[in-house]
Every structure is written in C-alpha cells, then in structure tokens.
Amino acid sequence: MVGDESFLLALNATEHSLYAAETAWFLAKRTGAKVVPFHVVDTHGALHFFGPGKAGLTGSGVLVRAYEQLCDSLANIAEKITESYEARARGCGVAGDMLVGEGDPAEEILKRGGAHSLIVVGYGAPQLVSGSSAPGVRFSVADRIAHHCSRPLLLVRRPLSAVSEVTAVVSINHVNEIWLKNCLSMAQQLRVPFTISLLPPGQGDSSPSSFVKQLQDSDHALGQVKVRVLRPEEVASNFGQEFSFEEKAHVSQVLPVLPTIQQREGRTTLQGAGPTDFLAAINFDCVMLWPEEFVDAAFPWTGARAAMA
C-alpha cells in the first residue's frame with residue numbers, strides 16, 4: 001500500500017481542472033486521504049512554441065526575450081491558480097498547499113504520481129499537443145497521462161459530489177479476481193454497491209453464465225456481485241444507464257472503473273485500444289482507469305491485500 005495515502009491532483013486553469021478539484025475534495029472527505037495539488041508551468045510547451053532550429057529571419061535575441069516573457073506570464077498564471085485553489089480548498093475544509101513544478105506537464109505529473117495512490121485529472125475536449133513521451137502522436141496532457149500512467153487515474157469531465165455505485169467495466173473473456181477485489185474494496189470504502197458491467201460479447205466469446213460461475217468458483221464475495229451485460233448501444237450511453245434529462249443527476253453518481261494493461265507502446269484497454277480511443281467512444285462524467293498490475297489501494301485501507309486479510 002502506498003505510504004502516505006494521498007491523491008495527486010493535477011491542476012491547470014481550465015474549468016475541468018476545477019471539477020477535478022471538487023471531485024478530489026469529495027473523495028478525500030469520504031476516504032480520509034490527503035489531496036496534494038500540483039501545477040506544472042509548461043516551459044516545455046513554451047520552448048516548442050517557437051519551433052526547432054536556429055533563428056533565421058530574426059535574431060536569436062528576439063526569440064529569447066519572447067520565451068522569457070512567455071515563461072514569466074505562465075509563472076504569473078501559476079500564482080493565480082495557487083491563490084484560487086488554496087482559497088477554495090480552505091473554504092471546503094481541505095488542507096494542502098499547492099506544489100508548482102515546471103517542464104512538460106504530462107511527464108512531470110507522471111513522475112510525481114508514482115508517490116501517490118491515485119491521480120486525479122480534469123478531462124475536457126481534446127487539446128492537441130505533442131510531447132517527447134509520444135513522438136509523432138498528438139494528445140492532450142490528460143490523454144498522454146492515461147496512455148502511460150501506472151497508478152489508478154481518475155478522469156473528470158463533470159464534478160462528482162456523490163457516488164451511488166461503483167461498476168467495473170470488463171471483458172467477458174477476462175477475469176482478474178485480484179483486480180476485481182480491488183474495485184470491490186474501493187466500493188466498500190465509499191460505502192456504495194459494487195457491480196460488474198460486461199462489455200458486449202463478440203462471436204465465439206464465453207457466455208455470461210460461465211463468467212458468473214467463474215466468479216463464484218474463485219471467490220465468495222465476488223460471487224455475490226451483481227453482473228450485467230451491456231448492449232452495444234448502451235456503452236455509448238453512460239454504461240447502460242438509460243436516463244431522461246431529469247434523471248441524469250442520479251446517473252452521474254455511477255463511477256465506472258476500467259482495467260488497463262501495459263504494452264510496449266503504452267497502456268491499452270482489454271480490447272486492445274488505447275485509452276484515448278476507448279474514452280472517445282463512451283459517455284461519462286468521471287471514469288477511473290486502474291492498471292491491472294497495481295494491487296495496492298487507491299483509497300486508504302482498501303486493496304486486495306486488505307480484503308484478503
């Protein structure tokens with residue numbers, strides 16, 4: 001289990017970052033974890049804004065001064081973010097001083113995230129950027145983190161102020177009992193029901209009944225979990241939650257958890273797609289990507305080891 005039982009909250013100036021902060025505060029109060037806010041001054045992006053190579057039509061001095069001015073402006077924004085966050089956090093009764101770094105935001109967040117049990121990031125409309133961790137490919141900062149994060153990662157599109165259910169979204173042909181017990185333990189810590197949502201089976205896939213039997217044979221607690229099979233059209237409708245406009249507030253309380261696995265090119269879902277491709281095909285308010293090999297706790301006092309004790 002990670003020693004300090006803390007969430008790394010990655011922040012920038014966007015509204016989705018504010019949603020991530022509100023969600024992290026809610027979860028911290030519910031679980032007793034510490035929130036560690038972190039903002040990265042994007043000096044990497046500032047440098048690449050001017051393009052590679054030597055100065056041509058202008059002298060290098062003009063570009064150097066422009067780069068320094070841009071970095072100064074980004075530092076000023078960091079100060080404003082710090083002031084705003086710390087004031088809002090105090091108002092919500094959440095402690096924690098802002099940490100500020102500089103460099104490539106995705107890479108710095110991934111480095112620092114290794115010391116925390118959960119990373120929380122706002123996830124808005126794609127903002128195309130490039131980076132050394134994904135050469136030749138353009139992703140948002142949040143997408144790049146999702147492709148390489150070895151810790152549980154909570155992506156927030158809209159704030160989560162309550163959780164009514166945790167559901168593990170898995171393939172019918174893949175049963176990882178330890179990973180599922182981690183999800184079950186998290187639901188227990190949040191004091192909400194835990195369910196399993198099976199992605200639509202393809203031709204030649206196992207039957208839902210065989211999946212349930214395998215659960216029952218492997219673990220008594222998992223054998224008691226409600227299992228449902230999603231229809232293809234439901235995957236794009238908030239994981240099978242049919243709702244009218246008036247009911248949407250309740251549906252947003254469902255927290256889906258998806259397993260990821262490490263491949264040579266980065267993390268993928270069990271369907272073989274990258275997290276970005278999968279997330280683009282579904283509708284969600286918040287979603288947690290939980291690496292299958294991560295067997296410690298995302299929240300204090302949870303995790304397969306504690307559940308099996």
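Reader: Where is Leu 258 found?

Author: This is a predicted model, and in it Leu 258 is found in strand 11, which spans residues 254–263.

Reader: Is Leu 258 buried or exposed?

Author: A residue counts as buried under 20% relative accessible area. Leu 258 has a relative accessible area of 2%, so it is buried.

Reader: What share of the contacts in the chain do residues 24 or more positions apart account for?

Author: Among contacts with a separation of 6 or more, residues 24 or more positions apart account for 78%. The secondary structure comes to 12 helices and 13 strands. Of the 309 residues, 49% count as buried. The chain exposes about 14,700 Å², of which carbon and sulfur atoms supply 53%.

Reader: Where is the place of Leu 215, and which residues does Leu 215 touch?

Author: Leu 215 has its place in helix 7, residues 208–218. With a relative accessible area of 1%, Leu 215 is buried, because buried means under 20%. Leaving aside residues up to four places away in sequence, Leu 215 touches Val 175, Leu 180, Ile 196, Leu 222, Gly 223 and Val 227. A further distance concerns Asn 176: its C-alpha atom and that of Leu 215 are separated by 9.4 Å, and the two residues are 39 residues apart along the chain.

Reader: How is a pair of helices to be read? At what angle do the axes of helix 1 and helix 3 cross?

Author: One considers the angle between the axes, and angles under 35 degrees count as roughly parallel. The axes of helix 1 (residues 15–31) and helix 3 (residues 60–91) come within 11 Å and cross at roughly 30 degrees. Helix 1 is therefore roughly parallel to helix 3. Their crossing is right-handed.

Reader: Which residues meet where helix 1 and helix 3 are in contact?

Author: From helix 1, Leu 18, Ala 21 and Trp 25 meet Tyr 85, Arg 88 and Ala 89 of helix 3. Divided by class, this contact has 5 nonpolar residues, no polar residues and 1 charged residue.

Reader: How do helix 4 and helix 5 cross?

Author: The axes of helix 4 (residues 105–113) and helix 5 come within 9 Å and cross at roughly 40 degrees. Helix 4 is therefore oblique to helix 5. Pro 105, Ala 106, Glu 107, Ile 109 and Leu 110 in helix 4 meet Val 141, Arg 144, Ile 145 and His 148 in helix 5. The residues of this contact divide into 6 nonpolar, 1 polar and 2 charged.

Reader: How many residues of helix 5 are buried?

Author: Helix 5 (residues 141–148) is mostly covered, with 6 of its 8 residues buried. The buried residues of helix 5 are Ala 142, Asp 143, Arg 144, Ile 145, Ala 146 and His 147.

Reader: Let us end with the backbone. What is the phi of Arg 191, and where does Arg 191 lie?

Author: Arg 191 has a positive phi of about 60 degrees although it is not a glycine. Arg 191 lies in the loop between helix 6 (177–190) and strand 9 (194–198).

Reader: Is Arg 191 buried or exposed?

Author: Exposed means over 50% relative accessible area. Arg 191 is at 57% relative accessibility and therefore counts as exposed.

How values were computed. Residues numbered from 1 in each chain as written. Predicted model: local features only at pLDDT ≥ 70, side-chain atom pairs only at ≥ 80, totals over all residues. Heavy atoms only, no water. Helix = DSSP H or I, 4+ residues; strand = E, 2+ residues; numbered from the N terminus. Buried < 20%, exposed > 50% of the residue type's maximum accessible area, 1.4 Å probe, protein only. Contact = heavy atoms within 4.5 Å. Areas by Shrake-Rupley, 256 points an atom, 1.4 Å probe, with all protein chains shown as cover. Axes fitted to C-alpha atoms, helices over the stretch in contact; angles between N-to-C directions. Parallel < 35°, antiparallel > 145°, perpendicular 65-115°, else oblique. Left-handed = near helix turned anticlockwise from the far one by under 90°. Nonpolar A, V, L, I, M, F, W, Y, C, P; charged D, E, K, R; others polar.
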